[in-house]
Amino acid sequence: MKIQMLASKIHRATVTDANLNYVGSITIDENLMKAANLIEFQKVEILDVNNGERFATYVIKGEKEGEICLNGAAARKVCIGDIIIIVSYATMSVKKAKKFKPTIVHVDSNNKIDD
């Protein structure tokens with residue numbers, strides 16, 4: 001049997017932009033992507049702490065430091081300044097899942113990695 005497990009999380013990131021006129025996705029600072037083991041076009045869930053919205057989209061690589069931008073239809077689900085949690089999942093065997101440790105990245109209010 002296989003189950004889905006939390007693979008990685010960027011915890012309490014701040015939305016820096018919302019671009020309704022883009023096809024879709026979430027733009028994430030490349031350094032944050034690397035820290036959270038996310039790759040471009042990977043499916044993620046977005047959890048908005050401010051309004052309770054939960055939705056899925058995919059990742060695109062951002063060029064600006066600290067950038068967290070919701071694009072397309074997802075831009076309607078957040079406001080600039082909202083606090084969000086970005087999560088990815090992995091499917092694995094129960095045996096592997098019992099030993100697996102997800103990558104958790106905490107960030108400050110400027111989306112800089114908080115050590």
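# A tour by selection

Begin by selecting K95, which sits in helix α2, residues 94–97. The model on screen is a predicted one. K95 is exposed, its relative accessible area being 64%.

Keep G72 and hide the others for a moment. G72 belongs to the loop that runs between β6 (68–71) and β7 (83–93). Is G72 buried or exposed? G72 is buried, with a relative accessible area of 2%. To see what surrounds G72, show N19, L20, Y22, V23 and G24; G72 is in contact with each of them, neighbours within four places in sequence being left aside.

Move on to A73, which is also in the loop between β6 and β7. A73 counts as exposed, at 62% relative accessibility.

**A buried aspartate**

Select D48 in strand β4, which covers residues 43–48. D48 is buried, yet it has no salt bridge. Which side chain of opposite charge is nearest to D48? That side chain belongs to R12, and it is 9.3 Å away. Since a salt bridge requires a side-chain nitrogen within 4 Å of a carboxyl oxygen, that cut-off is the one to keep in mind here.

Show N50 next: the side chain of D48 reaches the backbone nitrogen of N50 at 2.8 Å. Then display the residues that D48 touches beyond four places in sequence, which are E53, K77, V78, D82, I83 and I84.

**The salt bridges**

How many salt bridges does a search of the whole structure find? The search finds four. Three of them are visited below.

Select K34 and E30. These two form a salt bridge, with their closest N and O atoms 3.8 Å apart. Both are in helix α1 (residues 30–35), and because K34 and E30 are four residues apart there, about one helical turn separates them. K34 is exposed, with a relative accessible area of 56%, whereas E30 is partly exposed at 31% relative accessibility.

The side chains of E30 and K61 meet in a salt bridge, at 4.0 Å from N to O. E30 lies in helix α1 and K61 in strand β5 (residues 54–62), so this pair ties together parts that are 31 residues apart in sequence. K61 counts as partly exposed, at 40% relative accessibility.

Now select K112 and E65, whose side chains meet in a salt bridge of 3.1 Å, N to O. This pair links distant parts of the chain: K112 is in the segment after β8 (103–106), E65 is in the loop between β5 and β6, and the two are 47 residues apart. K112 is partly exposed, with a relative accessible area of 39%, while E65 is exposed, with 61%.

For the last stop, show E30, K34 and K61 together. Salt bridges with shared partners join these three residues into one network.

Notes. Residues numbered from 1 in each chain as written. Predicted model: local features only at pLDDT ≥ 70, side-chain atom pairs only at ≥ 80, totals over all residues. Heavy atoms only, no water. Buried < 20%, exposed > 50% of the residue type's maximum accessible area, 1.4 Å probe, protein only. Contact = heavy atoms within 4.5 Å. Lys, Arg positive; Asp, Glu negative; His and termini not counted. Polar contact = N/O pair within 3.5 Å; in protein donor to acceptor, adjacent residues only side chain to side chain.
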